[in-house]
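The entries follow the order in which I looked things up.

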Amino acid sequence: MTISIWRYSHLALAVSSFVFVFLASVTGIVLAFQPISEQLQPFKSEGFDTASLAETLSVFKKTYPEVTALEIDKNDFVSASVITEDNKNLNGYFNPITAEYLGEKVEPSKLFQFATTLHRSLFLKGVGRFFVGLCSFLLFLIAVSGAILIIKRQRSFKKFFSKIVNDNFAQYWHVVLGRLSLIPIIVITITGVYLSLLKFNLLPESKVSHTVDYESISETPIQEIEAFTVFKNIPLADVKSVEFPFSSDIEDFYTIYLEDKEIVVNQFTGEVLSEVKYPLVTIVSALSLNLHTGKGSVVWSVILAFSSINILFFIYSGFAMTFKRQKSKLKNKFKKHKCEYVILVGSENGSTIPFANAFYKQLVKAGKKVYITELNKYETFKKVKHIIVFTATYGEGEPPTNANIFLEQLKRTEQLQSFSFSVVGFGSYAYPDFCQFALDVDRGFKAKQAHQFLPPFKINDRSLEAFNQWINSFSRASSLALKIPDKKLVSPPKQTKSFRVVSKTKVVANPDNTFIISLKPIRKQYFNSGDLLAVYPENDYRERLYSIGKVNGNVQLSVKHYSNGFGSNYINSLQLNGVLKARIIRNSAFHFPSKASRVILIANGTGIAPFVGMLFENTAKIETHLYYGIREKSSLSIYKKDLDEVLQNKQLTQLHLAYSKIENKRYVQDLLHENALFVAETLRDNGVIMLCGSLAMQKGVLQVLNVICEKYNQKPLRYYQSKKQLKMDCY
């Protein structure tokens, strides 16, 4: 069964049982506090947990002329019905150690009574109970299908509780709270269904019948009740109730009701006359009632209340996600077989669709006939000349739901004429397989001999700045004047933190228009070198991402200054002790390895920023080589102090420099080619290679690395990438 079927089933069940789920959740929250309110009553006596049944029955018999009933509830409150010396009936709670009367039984409040009736039957008696039972089963199916969707999202049961990226409030908390509440909700629903079946007598009968040989009952030897061996061996905490003899006749006896059995005891001698274990259905029924109501456990009652509150949130978040998907539907102005441009979209929660729709509108505005559809609906398009793909990557490098059969369809479909293609990937640096499916789509088109119009472009966290970069590239390559209206795709940044400027170099200090700025979090922030700092210039919601180097506990950025660069100008304008509002984005896939035989760092330009921090963090002094591409020798000046320090401390083993603006210019890929055997050995011995810098550098380096791997190790570079021996963060 595909994930789509599970999702639609999940949604259909949620909609069909909406009223019950809402009412059950609200009343469930109220009723969860009933056991808590009961346990707050002062009726549990000290010594209860160590008392035996013999001690309690003995003290009651000595204190009161007649005792007709004794019960112990789930709160460990002992209640009894007795007749006093002055011949008065006394009912209520008693101290089981002293037989002292503590007070009358507390009846549930009218609110609890109302909530109980509504929760059980919706005030519709038998019909209501049936509907409640049915909807309990539907809620169970909703919980199970939701769990399956989470497992499919995480790509394995083992990763059920693995971290997920918070890129959508409703979806993120729907999954997080769903994982936390899954077991309690399944318990609630299963016990609810069971209790409904029990109420309609659809389960085996659980009546207990004792067989007593009345002719063999003896009145001797008479013993005091405190000497009854059977009573001395029964802890009071194990007793549910005691039924006392009606008279002093030999045929009347004590009946003791325990959790798992009933015992009949001779009232004179203490002999066990009959012992019958409860059938399984009786034990399960009692357990189901306790689990469903939370009686006797404050902790479980709180868990039930928490789960019921979460169910209400699931109603909201489920509909919020559904409405978002509905709003993100793809609409077309032209017939598919009349269009030269085709846009294919892959999106799990609809967040990629607004970008595709915005691009679609711009192409139409430019006078082009465009057709937009999901990747799974790919087919032979009769007049297509260019296909543009916008796709997210789901889980660990997997396709989203509406793109999960695309690659197979692509292999089977024969396009009538040649076409060019471009692929844009949307994802998050927090996942190791960042935009992996987009790369798979790019390779799929290449295998069909299609022309790659632009290299695959990856966008982190739906960055509008990155999206505009790709739009500009597409506009130049296609000679189309395309512009995306920013306001429709961005929203104000959330969860920004304050950072104070502690140092900043001047731009004029080096020939590359680069400066270093060090920022101290005003409040404690957890981050590592390789994480990203999202900066939002004033009056502009578009985020600018900068790789973080952690140096002396501060965020250190290396920024290339552009005269017309809104982001770099904004950061450069910050004064010493000034405050910057930004947020840290975890990029765990690009952290320095804690265990590796050797590490090779490859960077150019400002890509050295995270590596400087990583070298300072290399306290284990793992053998580390830095290959750094710069324009000329003076370009190294702003990093020289830090690099000298890590070299002296042996946190950096060797620095390899490539100068691109001097005579006999060289690039980092040239250095790697010269040290091919060293690079091959590093990968073969479980070493790690890390890249940070420009996409152009990345492309050249990957070509060289692939050649080295195939020549010396007889394995493709992808093999080492799958083993997480290749980490990249290029832009």
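This is a predicted model: local features need pLDDT of at least 70, side-chain atom pairs count only at pLDDT 80 or more; totals for chains, interfaces and linings use all residues.

**Entry 1. α15 and α16.** I began with helix α15 (residues 609–617) and α16, whose axes lie 10 Å apart at an angle of about 30°. Angles under 35 degrees count as roughly parallel, and α15 and α16 are therefore roughly parallel to each other. I noted the crossing of α15 and α16 as left-handed. On the α15 side I listed Val612, Leu615 and Phe616, and on the α16 side Asp642, Leu643, Glu645 and Val646. By type, the residues of this contact of α15 with α16 are five nonpolar, no polar and two charged.

Entry 2. I stayed with helix α16 (residues 637–648) and asked how many residues separate Asp644 and Lys640. They are four residues apart in α16, which puts about one helical turn between them. An α-helix has 3.6 residues a turn, so residues three or four places apart point the same way. Asp644 and Lys640 form a salt bridge, with the closest N and O atoms 2.8 Å apart. Asp644 counts as partly exposed at 35% relative accessibility, and Lys640 also as partly exposed, at 45%.

**Entry 3. α10 and α13.** The axes of helix α10 (residues 353–365) and helix α13 (residues 464–478) come within 12 Å and cross at roughly 30°. I applied the under-35-degree limit again; α10 and α13 are therefore roughly parallel to each other. The crossing of α10 and α13 is right-handed, where I had noted a left-handed one for α15 and α16. From α10 the contact takes Phe355, Phe359 and Leu363, and from α13 it takes Leu464, Phe467, Trp470, Ile471 and Phe474. I sorted the residues of this contact of α10 with α13 into eight nonpolar, no polar and no charged.

Entry 4. I read off a total of 19 salt bridges in the structure. I looked up two that join separate parts of the chain.

- Lys448 and Glu414 meet through their side chains at 3.8 Å, N to O. Lys448 lies in the loop between α12 (436–447) and β13 (451–452) and Glu414 in the loop between α11 (406–412) and β12 (420–427), so the pair ties together parts 34 residues apart in sequence. Lys448 is partly exposed at 25% relative accessibility, whereas Glu414 is exposed, with a relative accessible area of 56%.
- Arg598 and Glu681 meet in a salt bridge at 3.2 Å, N to O. Arg598 is in the loop between β21 (579–585) and β22 (599–604) and Glu681 is in helix α18 (residues 676–684), so I recorded a link between distant parts of the chain, 83 residues apart. Is Arg598 buried or exposed? Arg598 is buried, with a relative accessible area of 12%, while Glu681 is partly exposed at 31%.

I also noted a network of salt bridges that links Lys44, Asp49 and Asp76.

**Entry 5. The buried side of α3.** Which residues of helix α3 (residues 53–63) are buried? I found Leu53, Ala54, Thr56, Leu57, Ser58, Val59 and Phe60. The cover over the buried residues of α3 includes the strands β1 (66–72), β2 (78–83), β3 (89–94), β5 (239–243) and β6 (253–258), along with the helix α7 (229–232).

**Entry 6. Ser568.** I located Ser568 in helix α14 (residues 566–572). Ser568 is buried, with a relative accessible area of 4%. Leaving out residues up to four places away in sequence, I counted as touching Ser568 the residues Phe515, Tyr546, Val559, Lys560, His561 and Tyr562.

**Entry 7. Trp300.** The limit for buried is under 20% relative accessible area, and Trp300 counts as buried at 17%. Apart from its neighbours within four places in sequence, Trp300 is in contact with Pro184, Val187, Asn290, Leu291 and Gly294. I also checked Trp300 against Leu407, 107 residues apart along the chain, and found their C-alpha atoms separated by 48 Å.

Note on methods:
Residues are numbered from 1 along each chain as its sequence is written. Side-chain values use heavy atoms; hydrogens and water are left out. Axes are lines fitted to C-alpha atoms, for helices over the stretch in contact, and angles run from 0 to 180 degrees between N-to-C directions. Helices (H or I, at least four residues) and strands (E, at least two) are DSSP runs, numbered from the N terminus. Angles under 35 degrees count as roughly parallel, over 145 as roughly antiparallel, 65 to 115 as roughly perpendicular and the rest as oblique. A crossing is left-handed if the near helix is turned anticlockwise from the far one by less than a right angle, and right-handed if clockwise. Contact means heavy atoms within 4.5 Å. Ala, Val, Leu, Ile, Met, Phe, Trp, Tyr, Cys and Pro count as nonpolar, Asp, Glu, Lys and Arg as charged, and the others, Gly among them, as polar. A salt bridge is a side-chain nitrogen of Lys or Arg within 4 Å of a carboxyl oxygen of Asp or Glu. Buried means under 20% relative accessible area, exposed over 50%, partly exposed in between (1.4 Å probe, protein chains only).
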